Amino acid sequence: MRIALLLLPLMGLVSAACDESHVQVHWSHFTQEPGAQTQPEESRIEVPPPPFTEGVFPCTDCHDPEIPTNTKRRPMKTAHTEFTLKHDEEHRWCLDCHDTKDRDKLHLASGEVIEFTESYRLCGQCHGDKYRDWRAGVHGRRSGQWNGHKTYLLCVHCHNSHAPAFQPLKPEPVPVRPTERKP
Amino acid sequence: MTRSCNGPTTAGVPAGACTGCAGSQPPVHAAQPLPSRREFLCVAAGCAAAATTAGCTDLTHTGWFRERFRDLGADEKAGILADLAKEHSERFHKPVTVGAEPPLPGVEFGYALDISRCIGCRRCVYACVEENNQSRDPQVHWIRVLEMEKDKGIDFAHANAYYDAEKVPRPGHFYLPVQCQQCQNPPCVKSCPVGATWQEPDGIIVVDYDWCIGCRCCMSACPYGARHFNFAEPEIPAEQMNPKTHYLGNRPRMKGVVEKCTFCIQRVRNGRYPACVEVCPVGARKFGNLRDPNSEIRYILEHKRVFVLKTELNTRPRFFYFYGV
């Protein structure tokens, strides 16, 4: 009988299948009380440190700004061989994103130079819809206070900028089945 | 005593399956006085015994014969919390706090889960266990991640909670995590014969574990399988026990009581996000104040394709699912 009882909830799910076509959700009655506090618009977006490989930053340790850059499109041979560009690579080259003169910075199509802590602006140039959702807290992830200060993960915390498809993960352990439980 | 639920049970021994109390019983309205646990016990057991004991007990704070926690005065509450904190600190060999943070004014919590992102990695399941002090053995999980086939769509009949894989997502599948839906019209609350579970003003459905009699009516009333019973003494390794607790949330439970997700009441009433939101590696879990037009939860309701589970039951969940793409 114990097993039967434990299975009850699951059977509940089975017997009343979800009617997905029924997407009408009534939420308009969630009204704000006069004078209630609302979430402040954030002036500055706080992010955790960019996920650089240890030792690679500052890039200017090797990329001396005094030495002219080889701007030719070419396979990397003496450094950065651990990745190949798989991000619209037919149309893209390193220096579309990385600044030619100051290697510790990125640049936008407009020429504006930005910090790595603002790389979302770079991504946002081509992925406007995702960027909008990210700023609204819907794409990507925030942590901190739901009613106050938040930290945003950068796009590159989840997407490798050079091969951005999200990588599959190993799942956490399978739950114990009710029937496997010790008596 | 008109309620049709099977009688109370002691320490986790079921008195029988409580079938259909949700359906067969008229809804209990908030205004209608609930029987006190003492009355309930007395009627159910027909008992001179309970009455006698009650008559001569010196009432301890956590004793059986005090009032429901929510009906107590501030002093009595403080006493109970202090006693519990002491008891748990001794048991787990570290300073444990038991708070009772009240609902925040103007706040009604809502949750939204992006099923176009979820990859079924179960990080949320175990983050929840750690945050909320669920029993490790026997295993209690407040979140169940169901794997479904893309071809079949949302189909609970063929859902699998026990999928195993080297890597997720598995091709051709999508994932639907299910936990307490914090219904605006909660069948579990109506089914409780002793008023041990209720809806707070911020929408969180809570359980007073000291008041729960373990009859499990709420479990059969819940259409989402979101309530869980401690059929044995819960076991939490002392070093893994989360010492920041709330009376109505993650404080350690005892054998014979029902427990459930509270949106991490101990975190959210202090402004923090629930643990599952912060751990999700794909950012599929969203949380906020439904009454705040600037919140991310309202953005989702206004801009995304949103649905809830089992609309036909009119439970009106505050837990929404959406397509973020």
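Predicted model: local features only at pLDDT ≥ 70, side-chain atom pairs only at ≥ 80, totals over all residues.
Which residue in strand 12 of chain B is the bridge partner of Phe307(B)? The partner is Tyr321(B).

1. Strand 12 of chain B. This strand has two pairing partners to record. With strand 11 (residues 305-307) of chain B it pairs in the antiparallel sense, over three bridges, and the Phe307(B) to Tyr321(B) bridge belongs to strand 12 on the Tyr321(B) side. With strand 2 of chain B it pairs in the parallel sense, over four bridges. Ala112(B) has Phe320(B) as its bridge partner in strand 12.

2. Burial of strand 12. Five of the five residues of strand 12 of chain B are buried, so the strand is largely enclosed by the rest of the structure. Phe319(B), Tyr321(B) and Tyr323(B) point one way, while Phe320(B) and Phe322(B) point the other way. In a regular strand the side chains alternate between the two faces of the sheet. Residues pointing either way from strand 12 of chain B are buried.

3. Main nonpolar core. The largest nonpolar core holds 62 residues, and those with the most contacts inside it are Ile115(B), Leu176(B), Phe287(B) and Tyr321(B). Elements of chain B that give two or more residues to this core include helix 4 (74-92), strand 2 (109-114), helix 5 (123-132), strand 4 (173-178) and strand 12 (319-323). Apart from this core lies another one, of 18 residues, with Cys192(B), Val194(B), Ile213(B) and Cys217(B) among them.

4. Ile115(B). Not counting residues up to four places away in sequence, Ile115(B) touches Tyr321(B), Phe322(B) and Tyr323(B), and also Phe307(B).

5. Helix 5 of chain B. Eight of the ten residues of this helix are buried, leaving it mostly covered. Among the buried ones are Cys124(B), Val125(B), Tyr126(B) and Cys128(B), together with Glu131(B) and Asn132(B). The buried residues pack against strand 3, helix 8, helix 9 and strand 10 (285-289) of chain B. Just after the helix, Asn133(B) takes a positive phi of about 55°.

6. Salt bridges. The count over all chains is 26. Side chains of opposite charge can pair when their charged atoms come close. One pair crosses between chains: Asp133(A) and Lys304(B), with the closest N and O atoms 2.5 Å apart. Asp133(A) sits in helix 4 (residues 128-135) of chain A, and Lys304(B) in the loop between helix 10 (296-303) and strand 11 of chain B. Both Asp133(A) and Lys304(B) are buried. Within chain B, the side chains of Arg117(B) and Asp114(B) meet in a salt bridge at 3.9 Å, N to O, and both of these residues are buried. In chain A, Asp88(A), Arg92(A) and Asp96(A) are linked in a network of salt bridges.

7. Arg121(A). This residue lies in helix 3 (residues 119-126) of chain A and forms a salt bridge with Glu118(A) at 3.5 Å, N to O. Arg121(A) counts as partly exposed, at 24% relative accessibility, and Glu118(A) is also partly exposed, with a relative accessible area of 25%. Leaving aside neighbours within four places in sequence, Arg121(A) is in contact with Leu108(A), Glu112(A), Ile114(A) and Tyr131(A). Arg121(A) and Leu154(A) are 33 residues apart in sequence and 10.0 Å apart in space, C-alpha to C-alpha.

How values were computed: Residues numbered from 1 in each chain as written. Chains lettered and ligands numbered in written order. Heavy atoms only, no water. Core = buried A, V, L, I, M, F, W, Y, C linked by side-chain atoms within 4.5 Å. Buried < 20%, exposed > 50% of the residue type's maximum accessible area, 1.4 Å probe, protein only. Contact = heavy atoms within 4.5 Å. Pairing = 2+ DSSP bridges. Salt bridge = Lys/Arg side-chain N within 4 Å of Asp/Glu carboxyl O.
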